[in-house]
Amino acid sequence: MNNCILVVDDQPINVRLLDVQLKAAGYTVLPAYGGQEALDMVNKHMPDIILLDIMMPGMDGYETCRSLKSNPKTAGIPVIFISALTDVNEKVNAFKCGGVDYICKPFQRDEVLSRVSTHLKLYFLQKSLQQQIDAEIAKRQSREQLLVQQSKMAAMGEMLGMIVHQWKQPLNAISSTAQDLEDAFIHNELDKQYLHSSVNTIISQTDFMLRTADDFRNFLRPSKAKTSFSVKNAIEEVISMFSPYFAKSGIAINISCSGDDFSTTGYPNEFKQVILNLINNARDAILTHPNNPKAAIDIHITAMAITIRDTGGGIPEAIIGRIFDAYFTTKAPDMGTGIGLYMSKTIIETNMGWRLTASNIEGGAEFKIVLKE
Ligand SMILES: Nc1ncnc2c1ncn2[C@@H]1O[C@H](COP(=O)(O)OP(=O)(O)OP(=O)(O)O)[C@@H](O)[C@H]1O
Ligand SMILES: [Mg+2]
């Protein structure tokens, strides 16, 4: 398709002259005889370039150009002024209005042609550059959106996995309490005291589940405030809630402390979940450790660190570098998801600014939460 040039001049003779010369050079030419007419033609035909006379009755060339430049749709079309005015101020004015070039009348045919051709080339180059940039920006934006979307989905999936993980224990407890109740009834052992303690167990388990759900809902909210809490109290709360089930498996949990000030600042609920993850792991290791002479979890608390030791035989050296990875597990699919330690490390290190490390000791593993170096 031929490039289209709008020629604007109030003198028909000038329009005709340019029309002949430009057409001979292979351009399509549109004529306009005044500023307003030019604006209408531009909006209708979107020419590739405009040759614009300055002195015209009514709307002059400057005003016409300013109007074109103020409209985002037409602002990019190059305007070359053609005028008999030779004063340097007029030329400066032409550029100020947004013109790209200035040709003096009487014009030379070759000069007009080469200026038109140069500005057309520049214009198309600029246009294609802009298109490439726009396309690149659009591509990048959609890639970023996809990434944000994917990480949101991953976080939500993780959260769901965590809730399932944290609910498994209380659900088992509730289910076995229900079974116990029926057994007790069948064996005529169901008195008021038995019923009362079973109901309490169920209520405390469901309370824990509700709190876990709330905690996890809050977990992804970034603006949660840290609070001051006692690590000793937090650990004792977790242990008192879960020790019955550990006792059932024949595992003793021992807590010891040195020092007396255990206050710290952080997220107490998440901290408790970390402790629960660590003692659940210790329990699993102890229960699957063959010929285990001792079944115990020792928790030692100081103002500097919390150490959790078990007698589960330790972590095989071949995997010790990967246990904190998301979804790394050595357990059967229905026994472990591999999220426990990944989540614990994120909570302890990213959210609290502490450190969580793992190592092996005689007969078992040691997990350490370092509060202060
Ligand atoms: N105390 C421990 N002793 C020995 N091995 C351990 C211990 N704690 C963790 N591990 C190893 O690290 C792996 C990852 O633990 P992690 O808690 O992340 O996942 P998981 O316990 O397998 O599953 P879940 O998501 O249900 O916690 C475990 O599968 C186990 O092989
Ligand atoms: Mg685990």
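Trainee: Which residue does UniProt list for "modified residue: 4-aspartylphosphate"?

Mentor: The record, an unreviewed entry, lists Asp 53. Keep in mind that we're looking at a predicted model, and that UniProt annotations may be inferred rather than shown by experiment.

Trainee: Where is Asp 53 placed, and what makes it count as buried?

Mentor: Asp 53 is in strand 3. Its relative accessible area is 4%, and buried means under 20%, so Asp 53 is buried.

Trainee: Which annotated domain covers residues 4–120?

Mentor: That's "domain: Response regulatory", again from an unreviewed UniProt entry. Over those residues the chain is 47% helix and 21% strand, and the end C-alpha atoms are 10 Å apart.

Trainee: Which residues line the second largest cavity?

Mentor: Asp 53 is one of them, along with Val 7, Val 8, Asp 9, Leu 18, Leu 51, Leu 52 and Ile 82. Strand 1 (4–8) and strand 3 (49–53) are the elements that give two or more residues to this lining, and strand 3 gives the most, with three.

Trainee: Why is that space called a cavity?

Mentor: A cavity is a set of points where a 1.4 Å probe fits but cannot get out. The search of the whole structure kept cavities of 30 Å³ or more and found two.

Trainee: What makes the next space a pocket instead?

Mentor: A pocket is an open set of points, with protein on both sides along at least five of seven lines. The largest pocket holds about 1,100 Å³ of space. It is lined by 41 residues, and Asn 280, Asn 281, Asp 284, Ala 285 and Lys 331 lie nearest its centre.

Trainee: Which helix gives the most to the lining of the largest pocket?

Mentor: Helix 8 does, with nine residues. Helix 5 (109–186), helix 7 (231–248), helix 9 (340–351) and strand 12 (364–370) are also among the elements that each supply at least two. By class, the lining has 15 nonpolar, 19 polar and seven charged residues.

Trainee: On to the rings! How many aromatic pairs does the structure hold, and why is the pair of Tyr 123 and Phe 124 called tilted?

Mentor: There are five pairs. The ring centres of Tyr 123 and Phe 124 are 5.5 Å apart, and the cut-off for a pair is within 6.5 Å. Their planes are at 40 degrees. Stacked needs under 30 and edge-to-face over 60, so this pair is tilted.

Trainee: How do you know whether Tyr 123 is buried or exposed?

Mentor: Set its 11% against the 20% cut-off, and Tyr 123 is buried. Phe 124, at 29%, is partly exposed.

Trainee: What makes the pair of Phe 229 and Phe 271 tilted?

Mentor: Their planes are at 55 degrees, with the centres 5.6 Å apart, so "tilted" applies here too. The pair links distant parts of the chain: Phe 229 is in strand 6 (residues 227–230) and Phe 271 in helix 8 (residues 268–288), 42 residues apart. Phe 229 counts as buried at 10%, and Phe 271 is buried at 0%. Together with Trp 354, Phe 229 and Phe 271 form one aromatic cluster.

Trainee: And what makes you say that the charged end of Lys 345 sits over a ring?

Mentor: The charged end of Lys 345 is 4.4 Å from the centre of the Phe 324 ring. The distance cut-off is within 6 Å, and the charge must also be within 35 degrees of the ring normal. Lys 345 is listed as sitting over the ring of Phe 324.

Methods:
Residues are numbered from 1 along each chain as its sequence is written. Chains are lettered from A and ligands numbered from 1 in the order in which they are written. This is a predicted model: local features need pLDDT of at least 70, side-chain atom pairs count only at pLDDT 80 or more; totals for chains, interfaces and linings use all residues. Side-chain values use heavy atoms; hydrogens and water are left out. Helices (H or I, at least four residues) and strands (E, at least two) are DSSP runs, numbered from the N terminus. Rings of Phe, Tyr and Trp (its six-membered ring) pair if their centres lie within 6.5 Å; planes under 30 degrees apart count as stacked, over 60 as edge-to-face and the rest as tilted. Buried means under 20% relative accessible area, exposed over 50%, partly exposed in between (1.4 Å probe, protein chains only). On a 1 Å grid over the protein atoms alone, a cavity is a set of points where a 1.4 Å probe fits but cannot get out, and a pocket is an open set with protein on both sides within 12 Å along at least five of seven lines; lining residues have an atom within 4 Å of a point. Grid points are joined across faces, edges and corners, and a volume is the space filled by probe spheres set on the points. Ala, Val, Leu, Ile, Met, Phe, Trp, Tyr, Cys and Pro count as nonpolar, Asp, Glu, Lys and Arg as charged, and the others, Gly among them, as polar.
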